[in-house]
Structures are given as structure tokens and as C-alpha cells.
Amino acid sequence: TGIPSVDDLMTIVPGQLSIITGLPGAGKSSFIDQLMHNLAVNENWKFAIASFENPCPIHIIKLSELYISKPFFESGTTERMTYEESQKALGWVNEHFLFLDQKDSEPTTIDSILDRAKQAVMRLGVRGLVIDPANFITPVRSVENEHQGISLMLSRMLAFARAHDVHIFFVAHPAK
């Protein structure tokens with residue numbers, strides 16, 4: 001993971017599914033961004049990101065700030081990144097991250113995310129998939145109850161991870 005205290009507890013390998021959960025505001029998305037940054041820098045991983053709460057430009061800024069270790073915007077007395085540094089960061093983000101936006105008005109399903117992720121794996125060599133958060137995904141309609149729907153969704157993700165040798169990070173925000 002590139003985070004020493006976390007490395008003692010887990011290892012990130014392709015073909016697996018990690019479910020990230022915690023209290024609202026606990027830093028789940030920031031933790032995933034740090035993991036992606038570390039894996040991209042240290043292992044040259046590429047990621048497909050289905051992020052429904054952060055608009056793509058904001059997510060790109062956050063990843064750029066991690067890469068350059070400076071804020072993008074003015075931040076009090078902290079020196080912000082220069083134009084040259086922002087261009088370097090943008091090139092790095094473009095090389096390592098693909099955002100799986102849902103541009104049409106169709107509901108986002110786990111199958112629509114995995115279909116787009118499959119294209120990213122085949123065309124770009126993506127090694128990691130981030131889905132954040134889970135509650136934006138339209139539930140499977142052909143199941144009897146919510147537990148069956150969740151089980152089916154997790155089974156599909158794990159099968160995808162194994163079949164395509166990617167690691168999936170699935171962020172589950174608990175009900176308040």
C-alpha cells in the first residue's frame with residue numbers, strides 16, 4: 001500500500017476485492033486516493049475510477065496535489081503548485097487514471113461499470129478499479145431482497161477481479 005502502518009495489515013494484489021467502509025467523514029475516499037497514488041507511483045498501476053461524489057475535475061486536482069505534494073489552489077501561507085508542476089501532475093494523472101463517467105441518463109448498474117472497466121483493462125492495462133460510493137449503484141431488480149442483490153453484486157465484482165486480474169476497491173458508505 002505504501003503506508004507502513006497499513007502494510008502490516010494488508011497487501012494489495014490483483015484478483016481481489018477490498019471493501020472500504022467507515023463513519024461519514026472518516027476519510028474513506030482520501031484513503032483510496034492515497035492508495036491509488038502510492039500504487040501508481042511505486043508499482044506503475046493504472047486505475048479506472050467510478051466516483052460519483054467527486055466531479056472528475058475535483059478528483060484530478062486531489063490526485064495532482066498528492067503527486068506534487070502541494071495544493072492546487074492558494075492555501076494561506078502554503079506555496080501552491082506552479083503551472084509547470086500542474087502540467088506535470090496532469091500528465092501523470094492522464095497516464096494512470098481513467099474516469100468512468102456515466103454520461104447518458106441511464107441508471108448506473110454494477111454491470112454498466114464492469115463493462116466500461118473491462119474496456120479499460122483491455123485497452124489501457126488497468127490494474128485497479130475504484131467504485132465510490134456503492135450507494136449510487138442501481139440495485140439489481142431481479143432479486144427478491146436487498147441481501148440477495150448485494151450478494152449478487154459482490155459476486156459479480158469478485159468474478160470480474162479474478163477474470164481480469166484487477167483489484168477492486170469498493171467504498172461502502174454506511175447509513176447515517
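This is a predicted model: local features need pLDDT of at least 70, side-chain atom pairs count only at pLDDT 80 or more; totals for chains, interfaces and linings use all residues.
Me: What is the phi of Asp-165 near?

Reply: Phi of Asp-165 is near 55 degrees, which is a positive value in a residue other than glycine. Asn-44 is another case to look at, with a phi near 60 degrees, again positive and again in a residue other than glycine. You will find Asn-44 in the loop between helix H2 (28-43) and strand S2 (47-51).

Me: How do I read accessibility here, and as what does Asp-165 count at 43%?

Reply: Buried means under 20% relative accessible area and exposed means over 50%, with partly exposed in between. Asp-165 has 43% relative accessibility, so this residue counts as partly exposed. Asn-44, at 47%, therefore counts as partly exposed too.

Me: Is His-59 buried or exposed?

Reply: With a relative accessible area of 3%, His-59 is buried. This residue sits in helix H3.

Me: Which residues is His-59 in contact with, leaving aside its neighbours within four places in sequence?

Reply: Setting those neighbours aside, His-59 touches Asp-33, Met-36, Ile-49, Ser-51, Asn-54 and Phe-99. With Asp-33 there is also a polar contact of 2.7 Å between the two side chains.

Me: How many residues apart in sequence are His-59 and Val-93?

Reply: They are 34 residues apart along the sequence, and their C-alpha atoms are 9.9 Å apart in space. Val-93 belongs to H4, where it is one of the residues that meet H3.

Me: How do I read a pair of packed helices, and at what angle do H3 and H4 pack?

Reply: Begin with the angle and the distance between the axes. Helix H3 (residues 56-68) and helix H4 (residues 83-96) pack at about 110 degrees, and their axes are 9 Å apart. An angle of 65 to 115 degrees counts as roughly perpendicular, and H3 and H4 are therefore roughly perpendicular to each other. Their crossing is right-handed.

Me: Which residues in H3 meet H4?

Reply: From H3, the residues are Ile-60, Leu-63, Ser-64, Tyr-67 and Ile-68. Across from them in H4 are Glu-85, Lys-88, Ala-89, Leu-90, Trp-92 and Val-93. Sorted by class, this contact of H3 with H4 has 8 nonpolar, 1 polar and 2 charged residues.

Methods
Residues are numbered from 1 along each chain as its sequence is written. Side-chain values use heavy atoms; hydrogens and water are left out. Axes are lines fitted to C-alpha atoms, for helices over the stretch in contact, and angles run from 0 to 180 degrees between N-to-C directions. Helices (H or I, at least four residues) and strands (E, at least two) are DSSP runs, numbered from the N terminus. Angles under 35 degrees count as roughly parallel, over 145 as roughly antiparallel, 65 to 115 as roughly perpendicular and the rest as oblique. A crossing is left-handed if the near helix is turned anticlockwise from the far one by less than a right angle, and right-handed if clockwise. Contact means heavy atoms within 4.5 Å. Ala, Val, Leu, Ile, Met, Phe, Trp, Tyr, Cys and Pro count as nonpolar, Asp, Glu, Lys and Arg as charged, and the others, Gly among them, as polar. Buried means under 20% relative accessible area, exposed over 50%, partly exposed in between (1.4 Å probe, protein chains only). A polar contact is a pair of N or O atoms within 3.5 Å; within protein, one must be able to donate a hydrogen and the other to accept it, and residues adjacent in sequence count only if both atoms are side-chain atoms.
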